[in-house]
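Biologist: I've got the sequence and the model open side by side. Can you walk me through a few side chains?

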Amino acid sequence: MSTQVVDHSALKANQTGIVATILVAFVGSLFSTFFLALIPLLAIVLLLGTFVPRLALFKQVYFLVLKPRGIVKPQPVQDRPEPHNFAQGLGGVFLGIASLLLVSVPIAGLALGLLVAVLAFVNLAFGYCLGCQIFFQLERRGLLRA
Amino acid sequence: MSAQLWALAVAGAVVLAAACLEIYRARRAKRLSAGATGSAAADPYILYFTGDSCTVCRTHQEPALARLDGIRIDRVDAVAERALADRFHVYTLPTTVVMAADGHALHVNYGYAPAPKLARQLAEARSTQLTTATA
């Protein structure tokens with residue numbers, strides 16, 4: 001398995017986008033249920049970005065706006081993109097489940113959304129990526145191949 | 001209580017439970033790998049379990065290991081060398097094992113271990129080696 005250069009600033013922009021969107025949805029839901037629509041929208045954005053990287057909204061914002069204008073400096077690291085994509089996809093799946101739960105059990109849906117935000121924040125602030133650890137475990141058991 | 005407060009409480013409880021589970025898992029893995037052995041060497045050394053999927057290894061652990069001058073570091077791919085990883089109950093990356101000169105695991109660190117912590121553990125391993133040699 002070979003590594004390539006991964007811009008960690010793009011990953012951080014993605015994590016920031018996830019945390020910010022969920023927080024806006026959560027706080028906004030105190031005033032209007034309309035804001036909860038952000039959760040399924042975010043799920044779609046994350047899943048699309050996982051399978052079609054050029055449709056990864058937050059990463060594109062970074063590559064097309066933040067990086068060219070020098071707002072965020074690039075942080076190239078020799079790395080594998082697969083675990084990060086897997087983690088993003090996992091976040092998308094959990095937000096998809098949260099979206100379904102919002103219809104029937106809103107508390108569980110909101111809680112699951114908050115957990116995704118917490119995990120994205122932990123990755124952003126401390127560099128601990130739970131999705132990447134799950135990827136490692138699955139790869140170690142031969143259940144995943146790059 | 002509103003749905004938002006309940007959701008916060010549920011999410012907080014899950015995070016707390018996950019933290020407790022992680023502490024339990026790390027302690028259990030440390031206990032199980034306490035008697036594990038590797039190859040003997042002239043001086044204490046470090047077994048460093050890593051993998052291609054580990055970002056923290058590259059961004060944090062490897063710079064920390066580079067700060068330990070003159071220490072033998074055996075790099076192990078935890079995916080490729082599964083048997084060795086299982087012997088030390090490696091469930092997360094990075095994992096660093098401070099090995100005594102006689103090949104016994106003295107300290108197992110699951111997750112990122114900063115350089116001062118590793119240096120302290122190596123110093124302990126050296127003093128254990130001296131005590132054994134003089135006894």
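**Side chains, one by one**

Modeller: Asn14(A) is buried, with a relative accessible area of 7%; buried means under 20%, exposed over 50% and partly exposed in between, using a 1.4 Å probe and protein chains only. Before we go on: this is a predicted model, so local features need pLDDT of at least 70 and side-chain atom pairs pLDDT 80 or more, while totals for chains, interfaces and linings use all residues. Residues are numbered from 1 along each chain as its sequence is written, chains are lettered from A and ligands numbered from 1 in the order written, and side-chain values use heavy atoms, without hydrogens and water.

Biologist: Okay, which helix is Asn14(A) found in?

Modeller: Helices here are DSSP runs (H or I, at least four residues; strands are E, at least two), numbered from the N terminus. Leaving aside neighbours within four places in sequence, Asn14(A) is in contact (heavy atoms within 4.5 Å) with Leu46(A), Phe58(A), Lys59(A) and Gln88(A). Asn14(A) itself is in chain A, in helix H1 (residues 8–28).

Biologist: How many residues apart in sequence are the parts tied together by Arg80(A) and Glu139(A)?

Modeller: Side chains of opposite charge can pair when their charged atoms come close. Here Arg80(A) forms a salt bridge (Lys or Arg side-chain nitrogen within 4 Å of an Asp or Glu carboxyl oxygen) with Glu139(A), the closest N and O atoms being 3.1 Å apart. Arg80(A) lies in the loop between strand E2 (76–79) and helix H4 (81–104), and Glu139(A) in helix H6 (residues 130–140), so the pair ties together parts of chain A that are 59 residues apart.

Biologist: And is Arg80(A) buried or exposed?

Modeller: Arg80(A) also bridges to Glu82(A), with the closest N and O atoms 3.3 Å apart. Glu82(A) is partly exposed at 28%, whereas Glu139(A) is buried at 7%. With 0% relative accessibility, Arg80(A) counts as buried.

Biologist: Switching to rings, what kind of pair do Phe34(A) and Phe35(A) make?

Modeller: The whole structure has six aromatic pairs over all chains, where Phe, Tyr or Trp (six-membered ring) centres lie within 6.5 Å; planes under 30 degrees apart are stacked, over 60 edge-to-face and the rest tilted. Phe34(A) and Phe35(A) have ring centres 5.8 Å apart and planes at 75°, so the pair is edge-to-face.

Biologist: Last one: which ring does the charged end of Arg72(B) sit over?

Modeller: The test is NZ of Lys or CZ of Arg within 6 Å of the ring centre and within 35 degrees of the ring normal. The charged end of Arg72(B) is 4.1 Å from the centre of the ring of Tyr45(B).
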